[in-house]
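This report describes how selected parts of a structure meet one another. The sequence and structure are shown first, and the description follows.

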Amino acid sequence: MTIAHEDVRVDERPSHVSTMSMAAALNLALADAIQADPDVVIFGEDVGALGGVFRITDGLTARFGEDRCFDTPLAESGIVGTAVGMAMNGMRPIVELQFDAFALPAFEQVVSHVAKLGNRTRGAVRMPLVIRIPFGGGIGGVEHHCDSSEAYYAHTPGLTVVSPSTPQDAYSLLRAAIASPDPVIFLEPKKLYWTKGEVDTSVTAEIGTARIARDGTDVTLLAYGAAVPLALEAAEVAASEGRSVQVVDVRSLSPFDDSTVTAAVRTTGRAVVIAEAPGYASVASEIQARVFERCFEYLEAPVRRVTGFDTPFAPPKLEHWYLPDVDRILDAIDSLHWEDES
Amino acid sequence: MEHAEMLPRDRAVQLIDADGTVVADETYAMPSIETLLAAYRGLVDGRRINDQAGALVRQGRLAVYPSSHGQEACQIGAALAIAAEDWLFPTYRDSVAVIARGVAPAEAMVLLKGDWHSGYDVRAHRVAPQATPLATQLLHAVGFAYAAKQRGEDTVVIALCGDGATSEGDFHEAMNFAAVFHVPVVFFVQNNEFAISVPLSRQTAAPSLAHKAIGYGMPGQRVDGNDVAAVLSVLGEAVDRARSGGGPTLVEAHTYRMQAHTNADDDTRYREREEVRAWVTRDPLTRLRTHLTGVGALTAELEAEYAAGAERIAAAMREALNTDTDIDPEDLFRFVTETRSPQREEQWQMLRGEIERTRAADAEETAHATTGGSR
C-alpha cells in the first residue's frame, strides 16, 4: 500500500524517498509548498509555536516565519472568511480547522462563498484555498472530536473533497490540493496520522482519481480514509479463507472517479462500501447508488455498506462497537450470494 | 491611540444639518465645494437609480430590489471616500454605491434581474460581488486587506453592512481579525433602523453600534448618514488612517430605510407612517441642495445638467432591463470549478438533449401553426 498503481513520478519535482508517518508527510508537503510558491500561507488555531494539536505544522513558523505560518484568533468562520478574501487578492491560503466538529462555525463561509464565488463571478474569481480538517474517530476522542463530516462537503457543488489513507497520498494529494485552482476540503484521518509508509516526493496524485490499493478478483471493497487499512486487513483475512478481495481507495470523494470504480466492480461483480460516517444519506450511500446504476448487469449480489450507525459518534468506551471493523466487513462479504454456498 | 479616543461621540457628527445650515466642527473638516457638487450629483443619480429600479420591479423587469432610498448619502459617501485603487465590499442594498464606483447600471442589476448571481467585472472596478448572506463579506474584506498589506500595497478596503448584520457572528469575527492583524479596513455600518421588520432596539443594547469598536481595540465614530458632507469627512479620516498604517475603524451612519425592505415586504405591519414622514424632513438631497444653492455653487443650469445625467442613467437601466438577455444554459456547468467534472459533463449532456428536443418540438409547433394545420 505504498505507491499507487496509476500515480506517476514527475520530473519537475525532486525525488526524495523516505519512510515517514502520515503526519510527517503532511508537514513535508506544507513545507515544500511554502518553498515552491510565495503565495502560499498557512494559518489557523495553534498552528504556530505549537505546530498544531496534531503537530502537522510543526516547525513551519520557526523555519519560514510568521508571514508564512501563523496563529489566528479562535474563530473558524473568521479563519475561512479571511482566507476567502486573501484568495481573492492573490494568495493561496491553507487553513487548519482543528477538529471536524469545530469546522462547523465556518460552514456558512464554506458553502455560501468558498464553494460558490467562482461560479458567482463566472470564473473571474477562483478560490485556490485548502481547508485541512482532521476527521474521523478511532482515537478514543471525546464528543465533538471524532465526527465524519464529509457528506456535508461532498454534497456542496464547487468543493473538491479528498482524503488520503497513506503517507504517500497524504503528501501527493496535499500538494495537488494546494496546486488546485479550486477550493479543496482536505480530510485527514486522525487515526492514521502516525502510521508509516514510504513517501516519494516526486510522485503526484491526481484529484478525481481512485487508487487500486489491492488487486483481487472475487469482490471489490470501496473505502476511503481510515477505512482503507481496515479493508486491506479484511482482504488479507478473506484471502486466507480463499477469497480474492480487491480494495479500491476512492480517496477523491468529489469529484468521484466513476470510471475506475465502475471498471473495478464490473470485474468482480460484488462490492462492499466501507466508511465510518453514519450511513444514512452518506458518501457511502452515494457510492452504493452509483455502483448500482453503472454495474447492475454485472452484479452477482446487492452492493452492501458497512458504515457507522445513525447515531452521534460513540463515546470512547463504546467506540469499538460503533466503528466498522474487520469482522463486520467479512460478514458483509459473506452475505454477497456466493455460488459455493448452498 | 488612547482608549478614550476610540469611543464615538455622544452625538453623530454632522456638518450640514437637516435645514441645510453648516454646523461647525473642530475635528472634521467640511469637504470642498467641488467634492460636495460631485457628491450632490451622485445623490441625484442615486435617487433616480433607486426610483427607476423600483418602477422596473413593478413592471416585472427586476425580480426584486432592495432600495437604498433615503440612504443615498451613505452610498455616495462610501464610493467617493475611497481612491481608484481601493476596494469596496458591498451588500445587496448597495447597488447605488456599486454604480457610483463606475459599474454600468445594467451590469449592477444582473443579480436582481435574474440573469446571473453577479454581473460586473470585480477586478476592473475593484468592487467585490454584492454579498447576500449578512456580514460574511466583512471577513472577505479583512482577508483582502491582509493580502494587500503583506505585499506592501497601500490599498484601503471599505466594507459595508447594515445594523442587522452587526448581530451576526461574522461581524464580530471580522472586527476582531481586523484589529488583531491591524489591517487597512473601514467598516461602514448603515444603521437604517430596520432589519426587514426588526428594529434596532432588538439588535443591540449597546449605547450605539459605533461603541462596539472599543471592544475590539479600534476607533469607532458615528455620523449623520443623511449628511453626505459629514459621511465624506468621517470616512475620509478613517480611510487616511487605514492607508497610513493606523489600522481599522468602525463608522456607524445614522440613516433611515425610507421604503420597505424590498417590494416583497409590507412595512405598514411594523412601523408607523408618521415615523417614516418624519425622516422626509431629513432627506440627504434636500439639505445639500439648500446648502449648495445658498452658497451659490449649485445653479439652475447645473441642476438641469445633473437631472439630465440621472435621466440618461434611468434610460440606460430601462433599455437594459427591457431587453431579454440570451442566457446560455451551459453556463450552469461552466464556472462551478475550473475543470468540469465528468459528473457535471454527464448532467450537461442530459440537459442539452432536453433543450434540443424542446427546441425541435417548438419549431415543429411553429411550422404547424404557420401552415394552418393545427387541430
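## Two helices of chain B

In this predicted model, Ala73(B), Cys74(B), Ile76(B), Gly77(B), Ala78(B), Leu80(B) and Ala81(B) of α3(B) meet Val228(B), Val231(B), Leu232(B), Leu235(B), Gly236(B) and Val239(B) of α11(B). Two residues are in contact if their C-beta atoms, placed from the backbone, lie within 7 Å. Helices (H or I, at least four residues) and strands (E, at least two) are DSSP runs, numbered from the N terminus. By class, this contact holds 11 nonpolar, 2 polar and no charged residues. Ala, Val, Leu, Ile, Met, Phe, Trp, Tyr, Cys and Pro count as nonpolar, Asp, Glu, Lys and Arg as charged, and the others, Gly among them, as polar.

## Chain B against chain A

Between the chains, 33 residues of chain B are in contact with 36 residues of chain A. On the side of chain B that touches chain A, α7 (122-125), α8 (136-150), α9 (169-180) and α16 (342-370) of chain B give two or more residues each. The most come from α8(B), with 11 residues. This side of chain B comprises 17 nonpolar, 11 polar and 5 charged residues.

## Basis of the description

Residues are numbered from 1 along each chain as its sequence is written, while chains are lettered from A and ligands numbered from 1 in the order in which they are written. The model is predicted: local features need pLDDT of at least 70, side-chain atom pairs count only at pLDDT 80 or more, and totals for chains, interfaces and linings use all residues.
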